[in-house]
Every structure is written in structure tokens, then in C-alpha cells.
Protein chains: 2
Amino acid sequence: MELTKWREEILKIIEKSKKPLTAEEIYKINKFKPNFSTVYRALKFLEEKNLIKSISFDKGPKYFYSSKKHYHFLYCTNCGKIEVFNKCIASQLENFIYKNFKFQITDHVFYFKGLCENCKEG
Amino acid sequence: MELTKWREEILKIIEKSKKPLTAEEIYKINKFKPNFSTVYRALKFLEEKNLIKSISFDKGPKYFYSSKKHYHFLYCTNCGKIEVFNKCIASQLENFIYKNFKFQITDHVFYFKGLCENCKEG
DNA sequence: ATTGAAATGCAAATGATTTGCATTCTCAAG
DNA sequence: CTTGAGAATGCAAATCATTTGCATTTCAAT
């Protein structure tokens with residue numbers, strides 16, 4: 001079966017989205033209303049197939065986004081708001097890592113913590 | 001009261017450690033055995049005072065480490081093992097972020113995902 | 001149609017962390 | 001020294017996001 005209608009629908013939602021989504025957001029957007037565990041299982045499936053990626057922050061749920069995108073994040077430690085940006089310098093390090101750690105890199109996570117415009121002066 | 005004996009003990013454990021520790025590891029190391037919630041509350045307190053930092057990965061618990069250290073991580077998506085390294089290029093980006101997002105950076109998180117030496121060929 | 005493997009729904013379990021509340025501690029004021 | 005208020009602690013229960021077990025359904029191949 002593999003890419004069932006739920007999974008396809010969920011993948012579409014994620015690929016269309018301009019920002020990373022949580023499982024709950026995906027669940028709510030989905031008009032055919034699968035079960036919550038189906039959403040989680042679909043997300044796991046899609047991530048294993050490398051069609052989507054996910055990231056967790058200090059608290060709150062994971063965020064999911066299409067593997068076609070490469071995001072980095074600004075995570076507000078006050079309100080939890082995330083913003084995305086895509087300027088990336090990580091590749092400079094990959095060779096260094098491989099040689100020194102024999103660690104096979106598949107991805108990297110890079111985000112700044114701090115205060116967003118709203119929380120900055122509260 | 002502020003820096004009570006539990007909190008001081010916990011801070012010492014973290015500062016002495018050569019690697020980031022989980023709440024549970026800290027709890028077990030602590031010879032005076034405070035309550036688990038005391039450990040969590042102490043960690044929260046110490047992080048608010050900027051004496052320690054923490055990072056979460058995709059699953060599993062948070063890791064805590066001294067603010068005097070600046071770590072980056074290699075997170076194995078297979079076994080969850082973390083390794084640390086400290087070569088850092090993030091500061092190149094901070095100015096860019098500040099100008100473009102009005103986001104006040106307090107910290108950044110950067111880690112590679114992949115397979116560690118053991119899991120690579122399993 | 002029949003069958004077997006995989007996907008789904010539902011409810012209960014899980015793991016890490018947090019919370020409410022009663023108790024205990026600390027330390028400055030009397 | 002005693003006291004009393006505010007903070008810290010212990011304990012048990014709650015919480016949140018996610019996962020799991022199990023019974024049922026679906027689908028594709030025979």
C-alpha cells in the first residue's frame with residue numbers, strides 16, 4: 001500500500017505549507033479527518049522515506065516540513081514562536097566532521113534562540 | 001535563599017561533567033538524593049540564571065551543560081547517542097539575523113544528525 | 001471471492017516534565 | 001531566642017505530545 005490516501009494528503013499539506021507544521025495543525029487542516037495516530041504514523045512513515053523532516057525545540061511539539069525545503073529557525077524562548085530563514089553555512093563543516101568523528105551526516109539542525117520582535121521589549 | 005545546597009550541588013555536577021547530562025543522570029549522580037521535582041526545579045532555576053544551558057533532540061530527554069562551555073552536537077538518529085564538538089561558525093550569521101529579523105539572539109543550537117560510527121554500517 | 005500483509009481507529013500506555021498542595025526550611029524582624 | 005513570611009522541598013497526581021496494543025478494515029495479488 002505504502003503511500004495511502006491519508007499519507008498522500010498529509011504530504012501534500014506539508015509540501016504546500018509555507019511554514020513547518022505541527023502534527024496537530026496537520027490534523028486540523030486535513031479535511032478527511034484521519035485519526036490522530038494515523039497522522040503520527042503517517043508523519044513517521046514520510047520521515048523514514050525522507051519525504052519530510054522534523055525538528056523539536058525545547059518544549060512543545062515537533063514541527064514538520066518538506067524535505068524539498070531547507071529551513072533554519074529562530075526560536076523565541078519566551079513565547080515559543082518560530083520563524084524560518086534559509087541562509088546556511090553548515091556545509092563548510094561537514095568535511096571536518098566526517099574526518100574527525102567518522103560520523104555520517106544526514107542532516108543538520110541549526111537555530112538561534114532569543115527573543116522575537118514582540119517579546120524583546122515586553 | 002536562591003542558590004540552595006541542592007542547586008549548588010547540581011550546578012557543581014554539571015560544571016564538572018565533561019559531557020551534557022540528562023535530568024535523570026544528574027539525579028542519580030547526586031549523592032544527597034533530592035526529589036526528582038527538585039532536580040527539575042533546580043535545572044529550571046539554573047537555566048533562568050544563565051548558569052546552565054539545555055538542548056533537546058528529536059526524542060528522549062533534555063541535556064544540560066554549563067554555560068561556560070559552548071557545545072555543538074552530533075546526534076545519531078538511530079541510537080540517540082550524542083557526541084559533542086566545539087568548532088563554531090555561527091557568529092558569522094548573527095549580524096545578518098539581527099538586521100533582517102529584529103530577533104534578539106541569546107543563543108544558538110546547531111547539531112548534525114546522522115549515524116555514528118557504530119550505527120553506520122549496522 | 002479469498003487471503004494475507006499492511007493501514008487504520010480507538011483507547012490505553014508511555015516518558016519526560018510540570019503542577020498543586022501540604023510541609024519544611026531559612027533568615028531577618030521583633 | 002521566637003516568630004512569621006516567603007521560598008524551597010517532597011510527594012502524588014496531572015499534563016502534553018507521542019506511541020503502542022489490539023481489533024477491525026482495506027487493498028492488491030492470487
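Accessible areas here come from the Shrake-Rupley method with a 1.4 Å probe, and for residues only the protein chains shown count as cover. On that basis chain A exposes about 7,000 Å², of which carbon and sulfur atoms supply 50%.

The structure is a predicted model, in which local features need pLDDT of at least 70 and side-chain atom pairs count only at pLDDT 80 or more, whereas totals for chains, interfaces and linings use all residues. Residues are numbered from 1 along each chain as its sequence is written, chains are lettered from A and ligands numbered from 1 in the order in which they are written, and side-chain values use heavy atoms, with hydrogens and water left out.

## Chain A as a whole

Chain A has five helices and five strands, where helices (H or I, at least four residues) and strands (E, at least two) are DSSP runs numbered from the N terminus. Along the sequence these elements follow the pattern α-α-α-β-β-β-β-α-β-α. Of the 122 residues in chain A, 43% are buried; buried means under 20% relative accessible area, exposed means over 50%, and partly exposed lies in between (1.4 Å probe, protein chains only). Among the contacts in chain A with a separation of 6 or more, 49% are between residues 24 or more positions apart, a contact being defined by heavy atoms within 4.5 Å.

## Helix packing in both chains

Two packed helices are described by the angle between their axes and the distance between the axes. Axes are lines fitted to C-alpha atoms, for helices over the stretch in contact, and angles run from 0 to 180 degrees between N-to-C directions. In chain A, helix α1 (residues 5-16) packs against helix α3 (residues 36-48) at an angle of about 70°, with the axes 10 Å apart. The angle therefore makes α1(A) roughly perpendicular to α3(A), since angles under 35 degrees count as roughly parallel, over 145 as roughly antiparallel, 65 to 115 as roughly perpendicular and the rest as oblique. On the α1(A) side the contact involves A:Trp6, A:Arg7, A:Ile10, A:Leu11 and A:Ile14, which meet A:Thr38, A:Val39, A:Ala42, A:Leu43, A:Phe45 and A:Leu46 of α3(A). By class, this contact of α1(A) with α3(A) comprises nine nonpolar, one polar and one charged residues, with Ala, Val, Leu, Ile, Met, Phe, Trp, Tyr, Cys and Pro counted as nonpolar, Asp, Glu, Lys and Arg as charged, and the others, Gly among them, as polar.

In chain B, helix α1 (residues 5-16) and helix α3 (residues 36-48) pack at an angle of about 70°, and their axes are 10 Å apart. The helices α1(B) and α3(B) are therefore roughly perpendicular to each other. Residues B:Trp6, B:Arg7, B:Ile10, B:Leu11 and B:Ile14 of α1(B) make the contact with B:Thr38, B:Val39, B:Ala42, B:Leu43, B:Phe45 and B:Leu46 of α3(B), and the residues of this contact divide into nine nonpolar, one polar and one charged.

## Individual residues

| Residue | Relative accessible area | Class |
|---|---|---|
| B:Ser54 | 2% | buried |
| A:Glu9 | 13% | buried |
| A:Val84 | 26% | partly exposed |
| B:Lys69 | 29% | partly exposed |
| B:Asn50 | 58% | exposed |
| A:Asn50 | 60% | exposed |

B:Ser54 belongs to strand β1 (residues 52-55) of chain B, and its side chain is joined to that of B:Glu47 by a polar contact of 2.9 Å. A polar contact is a pair of N or O atoms within 3.5 Å; within protein, one must be able to donate a hydrogen and the other to accept it, and residues adjacent in sequence count only if both atoms are side-chain atoms. A:Glu9, in helix α1 of chain A, touches A:Asn30, A:Lys31 and A:Phe32, not counting residues up to four places away in sequence.

A:Val84 lies in strand β4 (residues 82-85) of chain A. Not counting residues up to four places away in sequence, A:Val84 touches A:Pro20, A:Tyr71, A:His72, A:Phe73 and, from chain B, B:Phe101. The C-alpha atoms of A:Val84 and A:Lys18 are separated by 9.7 Å, although the two residues are 66 residues apart along the chain.

B:Lys69 sits in the loop between β2 (63-66) and β3 (72-76) of chain B. Its side chain reaches the backbone oxygen of B:Ser17 at 3.2 Å, and, neighbours within four places in sequence left aside, B:Lys69 is in contact with B:Glu15 and B:Ser17.

Most residues other than glycine have a negative phi. A:Asn50, in the loop between α3 and β1 (52-55) of chain A, has a positive phi of about 60° although it is not a glycine. B:Asn50, in the loop between α3 and β1 of chain B, has a positive phi near 60° and is likewise a residue other than glycine.
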